[in-house]
Amino acid sequence: MALCLKQVFNKDKTFRPRKKFEPGTQRFELYKKAQASLKSGLDLRTAVQLPPGENINDWIAVHVVDFFNRINLIYGTMAEFCTALSCPVMAGGLRYEYRWQDEHRYRRPAKLPAPQYMAMLMDWIETLINNEEIFPTRVGVPFPKNFQQVCTKILTRLFRVFVHVYIHHFDSIISLGAEAHVNTCYKHFYYFIREFSLVDHRELEPLREMTERICH
Ligand SMILES: [Zn+2]
């Protein structure tokens with residue numbers, strides 16, 4: 001866990017407030033349960049399984065928020081190495097290029113420099129997870145019918161952060177001493193999306209070889 005947090009906090013442009021689980025809420029209890037099973041030494045593959053009696057959407061919500069926080073922090077630590085000059089297009093090597101699309105400014109898929117793509121991505125996720133109609137936090141308020149579809153889209157886009165960071169900024173991960181930390185986060189994320197089949201396997205292709213090496 002050797003991430004340079006000081007560096008992150010100095011970078012107000014890329015470091016944004018994390019979404020917190022409010023103590024006393026059911027979601028907070030579930031978050032603590034997920035954290036506890038991780039700390040107890042359970043292997044990650046087992047730790048992602050839905051605990052008996054828990055609601056799957058609650059479990060997914062807790063993980064989506066947690067992964068957003070962690071991946072946002074990871075990208076924040078290496079954001080200084082990822083500029084419009086070093087990464088004029090959001091890509092994963094020469095074979096994969098990602099275009100940004102949303103319901104506002106970019107209705108048509110747009111080729112953006114990686115840091116701009118990342119900023120759009122993090123803002124977009126932050127808005128969704130803070131939307132009470134999509135991520136309800138009050139007891140008794142149901143999840144929307146398309147909740148898992150929304151989460152699939154969020155997780156698919158978060159996966160691209162790993163793709164870009166691993167393929168284009170692996171040397172920065174090493175120089176920050178963050179390799180073990182990033183790998184652990186990746187493995188946890190990977191087991192989670194596989195456990196609930198949340199991301200299409202074609203999306204995972206850019207990191208397939210690495211995944212086979214570290215996740216099996
Ligand atoms: Zn980059």
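This is a predicted model: local features need pLDDT of at least 70, side-chain atom pairs count only at pLDDT 80 or more; totals for chains, interfaces and linings use all residues.
**Helix α4 and the annotated cysteine and histidine positions**

Helix α4 is mostly covered, with 17 of its 23 residues buried, where a residue is called buried if 20 or more other C-beta atoms lie within 10 Å of its own, exposed if 12 or fewer do so, and partly exposed in between, the C-beta atoms being placed from the backbone. Helices (H or I, at least four residues) and strands (E, at least two) are taken as DSSP runs and numbered from the N terminus. From its first C-alpha to its last, α4 reaches 33 Å, which is close to the 33 Å expected at 1.5 Å a residue, the expected span being 1.5 Å times one less than the number of residues.

Residues are numbered from 1 along each chain as its sequence is written. The pLDDT, which is the predictor's confidence in each residue on a scale from 0 to 100, averages 88 over the protein, and 91% of the residues score at least 70. Among the elements, α6 has the highest mean value (97) and helix α1 (residues 5-10) the lowest (39). Over residues 1-15 the pLDDT stays under 50, and for this segment the model has 21 contacts beyond four places in sequence, two residues being in contact if their C-beta atoms, placed from the backbone, lie within 7 Å.

An unreviewed UniProt entry places the feature "binding site" at Cys82, Cys87, His164 and His169. Although these positions are spread over 88 residues of sequence, they cluster in space, with a largest C-alpha distance of 10.0 Å. UniProt positions follow the numbering used here, feature names are shortened, and annotations may be inferred rather than shown by experiment.

Of these positions, Cys87 is found in the loop between α4 (56-78) and β1 (91-92), and it is buried because 20 other C-beta atoms lie within 10 Å. Beyond four places in sequence, Cys87 is in contact with Cys82, Pro113, Ala114, Pro115 and His168. His164 belongs to helix α6 (residues 147-168) and counts as buried, with 24 C-beta neighbours inside 10 Å; residues up to four places away aside, His164 touches Met90, Ala91, Gly92 and Ala114.

A further cysteine, Cys185, lies in helix α8 (residues 179-195) and counts as partly exposed, with 19 C-beta neighbours inside 10 Å. Leaving aside neighbours within four places in sequence, Cys185 is in contact with Arg70, Ile71 and Ile74. Cys185 and Ile71 are 114 residues apart along the chain, yet their C-alpha atoms are separated by 7.9 Å.
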